[in-house]
Amino acid sequence: MSTPEPLPVPPGSVSPAAGQMFGSCWSCRILSGGGLLLGAGYVFLAARKVMRKGGTTSMGTVAQVAFAASLAAWGVVVIADPVGKSHRKTL
């Protein structure tokens with residue numbers, strides 16, 4: 001059985017590279033990164049609500065806070081788009 005051939009790209013259309021999902025689309029990065037930051041805030045506030053009631057801090061609450069921190073970091077990376085911006089300084 002042969003493998004199927006990839007579909008040809010029609011002329012005039014641009015197919016984005018796999019590593020450049022947002023490319024230079026500033027509004028795409030702001031929308032996606034902002035959504036991730038808002039999601040991080042929501043998850044953090046849900047964990048904070050449990051801690052505010054005076055209950056013991058469980059592993060689930062700690063996992064929620066850690067997940068919120070990772071969502072926030074991901075959002076900042078999407079907005080900042082640091083790929084390819086660091087250059088080695090030569091003497």
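The points below go through the helices, the record's annotation, the disulfide and a few individual residues.

1. A reminder before anything else: this is a predicted model, and the values quoted here are computed from it.

2. Let's begin with the helix pair. Helix α1 covers residues 26–52 and helix α2 covers residues 59–80. Their axes come within 8 Å and cross at roughly 165°. Angles over 145 degrees count as roughly antiparallel, so α1 is roughly antiparallel to α2. As for the hand of the crossing between α1 and α2, it is left-handed.

3. What kinds of residue make up the contact of α1 with α2? The contact divides into 20 nonpolar residues, seven polar ones and one charged. When you look through the charged and polar side of that tally, please keep in mind that Gly is counted among the polar residues.

4. Next, the annotation. UniProt, in an unreviewed entry, places the feature "transmembrane region" at residues 30–47 and 59–80. In the model, residues 30–47 are 100% helix and 0% strand, with the end C-alpha atoms 25 Å apart. Residues 59–80 are likewise 100% helix and 0% strand, and here the end C-alpha atoms are 31 Å apart.

5. Do have a look at the disulfide. The structure holds one, and it joins Cys25 to Cys28 with an S to S distance of 2.1 Å. The torsion about the S-S bond of Cys25 and Cys28 is about 60°, so this disulfide is right-handed.

6. Gly41 lies in helix α1 and, at 29% relative accessibility, counts as partly exposed. Gly41 and Ala72 are 31 residues apart in sequence, while their C-alpha atoms are 7.9 Å apart in space.

7. Finally, Ile79, which takes us back to one of the cysteines. Ile79 lies in helix α2 and is partly exposed, with a relative accessible area of 22%; the cut-off for buried is under 20%. Along the chain, Ile79 and Cys28 are 51 residues apart, and their C-alpha atoms are separated by 8.9 Å. Cys28 is the disulfide partner of Cys25.

Key:
Residues are numbered from 1 along each chain as its sequence is written. This is a predicted model: local features need pLDDT of at least 70, side-chain atom pairs count only at pLDDT 80 or more; totals for chains, interfaces and linings use all residues. Side-chain values use heavy atoms; hydrogens and water are left out. Axes are lines fitted to C-alpha atoms, for helices over the stretch in contact, and angles run from 0 to 180 degrees between N-to-C directions. Helices (H or I, at least four residues) and strands (E, at least two) are DSSP runs, numbered from the N terminus. Angles under 35 degrees count as roughly parallel, over 145 as roughly antiparallel, 65 to 115 as roughly perpendicular and the rest as oblique. A crossing is left-handed if the near helix is turned anticlockwise from the far one by less than a right angle, and right-handed if clockwise. UniProt positions are given in the numbering used here, feature names are shortened, and annotations may be inferred rather than shown by experiment. A disulfide is a pair of cysteine sulfur atoms within 2.5 Å. Buried means under 20% relative accessible area, exposed over 50%, partly exposed in between (1.4 Å probe, protein chains only).
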